[in-house]
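Me: Please take one part of this model and go through it closely. I would like the cut-offs stated as you use them.

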Amino acid sequence: MKSKIATSLLLLLVLTGFRPPQKNATDKNPLTLDKPLSSDHSLLWQISGNGLSKPSYLYGTIHMISRDDYFLGKNVSKKLGKSEALVMELNMEDMDIAALTKLSLLDSGKSIRNYMSDTDYNALQTFMEDSIGIKKFTFEMFYSKLKPFYLEQLIFFKYLGQEKESYEDNFKKMAEQKNIPVLGLETFEEQLRFLDEIPMESQLKSIIKTIGNYSAEIHKMDELIKNYKTQNLPQLSKLFSEDDDLTLKTNLLDKRNDNWVPKLKSEMQSRACFIAVGAGHLGGENGLINLLKKEGYSVEPISTN
């Protein structure tokens, strides 16, 4: 479930055409860079070099978090306020509710019961009533028609409590206040396609594990939130890489990272960007930090404050 935490509420979150690259800064206008931290315990990373005339910034979000756990350093707000574009996973204006509804449902006439043993289905139904508060009749009539991936999001929402905050939503509001354009690294259709490529077997395996080991999964989510609040990116990367189902991590993180890098290069070449994506996309061998370094950029952690 850890990879899904990093990408939960993706559906609640398109690059514009390529822009001619600007000329590199001259010696009379050197880059102004923040001093890198000695530790990589930060969610905020500075991207420079490789011909960039202005630095860009990469920030790791958690798409939805309880209001009590939400925090935002002053330097994060400062970098966003001085950026020339806010780049997120998805432009939240690019939502298609009809497409989401169609894709989130199982094949016509089927329910999740058609894909599970009686024992697993009964366990799921009991869990959703006792832990999530969805009565048996309501579950069978409506929620059982959802694909397991979407059904499992309800469990995460319950964990977060009633009062929630979205980094993406707040960043979007901040950008709009300063007339900073907001871009998406993928279209809504592309994002749905990545989700739809997750095999049914993987989805079922994940939700069965979650309800069968709920206390252990809650502990893992607590650990993830704790490491996010302490900005322990190495430990966060370790948690994401420990997901039992490699297919989920590949579809939700690795494939999308590979697709994003060329788009990020084009955007950063033309203007200073503040890039806000799920923290699970940053670290590790296939993370954006390492992929951008391989492209020749200097990517260094800086203080959020």
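Reply: A residue counts as buried under 20% relative accessible area, as exposed over 50%, and as partly exposed in between, using a 1.4 Å probe and protein chains only. The model is predicted, so local features need pLDDT of at least 70 and side-chain atom pairs count only at pLDDT 80 or more, while totals for chains, interfaces and linings use all residues. Residues are numbered from 1 along each chain as its sequence is written, and side-chain values use heavy atoms, leaving out hydrogens and water.

Gln203 has a relative accessible area of 6% and is therefore buried. This residue belongs to helix H9, residues 200–212; helices (H or I, at least four residues) and strands (E, at least two) are DSSP runs numbered from the N terminus. Leaving aside residues up to four places away in sequence, Gln203 touches Lys147, Pro148, Phe149, Glu152 and Ile198, where contact means heavy atoms within 4.5 Å.

Now the sheet. Six strands form an open sheet in the order E6-E4-E7-E2-E1-E8, with mixed pairing; two strands pair if DSSP finds at least two bridges between them. Strand E6 (182–184) and E8 are the edge strands, each pairing on one side only. Strand E1 (residues 44–48) runs antiparallel to E8, joined by four bridges, and Ser48 stands opposite Ser298 in E8. E1 also pairs with strand E2 (residues 56–61), antiparallel and over four bridges; there, Leu44 has Tyr59 as its bridge partner.

In a regular strand the side chains alternate between the two faces of the sheet.
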